[in-house]
Amino acid sequence: MLALSGCSSLWNCTDTAAERGEAGVRVQVEDVSGRPLGVTAEVVDWRLEPHPQVPSEGDHVSFRYRFDGADEGFGPAVDACAVDEERVALGCQTVHSSEAFERGGVLTGDSRLAVEHPERVAGVLLVPNDQSYVGRTCEEDLKDGGGPHPPEPATLGDQL
């Protein structure tokens, strides 16, 4: 029988979630280790207006965003959050650079957020952590799953 020194029959697997980066109107997109990807995401503008297909729902937060340095086929995704004056999230969603359209060499997209109290919206911020990474967890694959994962997506009530 042959035994290898330092080997174990049990796999060690540790899932770790990255720390959430500092949200801003313009952010350098970071990978799960906090390193810049060479991509900048920016909220170009935002406004409150009724959704054109369901105006009876009241005002939504309509915003335009852009990704500089991302490619068209596959690229990062960041959380976009409508926030109040104290930077508390009133509503969030993930926006993907792959859903944006190229305009003048820059990927630009439009999106909408439904929030419960649109009158409290003071701005739209982006969270720099790349949410496009779909890593396997220890639970899904003990042998290969562990390691860093994006932080939990920003949600209603989070302080950004």
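In what order do the three strands of the open sheet line up, and is the pairing parallel or antiparallel? I went to the sheet with that in mind, and noted that I'm working with a predicted model.

**The sheet.** I read the order as β6-β5-β9, with antiparallel pairing. The edges are β6 (89-96) and β9 (123-127), and each of them pairs on one side only. I also looked up the angle: neighbouring strands here are turned by 25 degrees against each other on average, ignoring direction. A reminder to myself: strands of a sheet pair through backbone hydrogen bonds.

**β5 and β9.** Next I checked how β5, residues 77-83, meets β9. I found five bridges between them, in the antiparallel sense. One spot I marked: Asp-79 sits opposite Val-127 in β9.

**Asn-129.** Then I moved on to the loop between β9 and β10 (147-149), where I found Asn-129. Is Asn-129 buried or exposed? I noted a relative accessible area of 3%, and because the cut-off for buried is under 20%, Asn-129 counts as buried.

What does Asn-129 touch, leaving out residues up to four places away in sequence? My list reads Glu-19, Arg-20, Gly-21, Glu-30, Ala-77, Val-78 and Pro-151. I also looked at Asp-31: its C-alpha atom is 6.2 Å from that of Asn-129, though the two residues are 98 apart along the chain.

Last, I looked at the side chain of Asn-129. It reaches the backbone nitrogen of Gly-21 at 2.8 Å. A polar atom of that Asn-129 side chain also lies 3.3 Å from the backbone oxygen of Glu-19.

Terms used. Residues numbered from 1 in each chain as written. Predicted model: local features only at pLDDT ≥ 70, side-chain atom pairs only at ≥ 80, totals over all residues. Heavy atoms only, no water. Pairing = 2+ DSSP bridges. Helix = DSSP H or I, 4+ residues; strand = E, 2+ residues; numbered from the N terminus. Axes fitted to C-alpha atoms, helices over the stretch in contact; angles between N-to-C directions. Buried < 20%, exposed > 50% of the residue type's maximum accessible area, 1.4 Å probe, protein only. Contact = heavy atoms within 4.5 Å. Polar contact = N/O pair within 3.5 Å; in protein donor to acceptor, adjacent residues only side chain to side chain.
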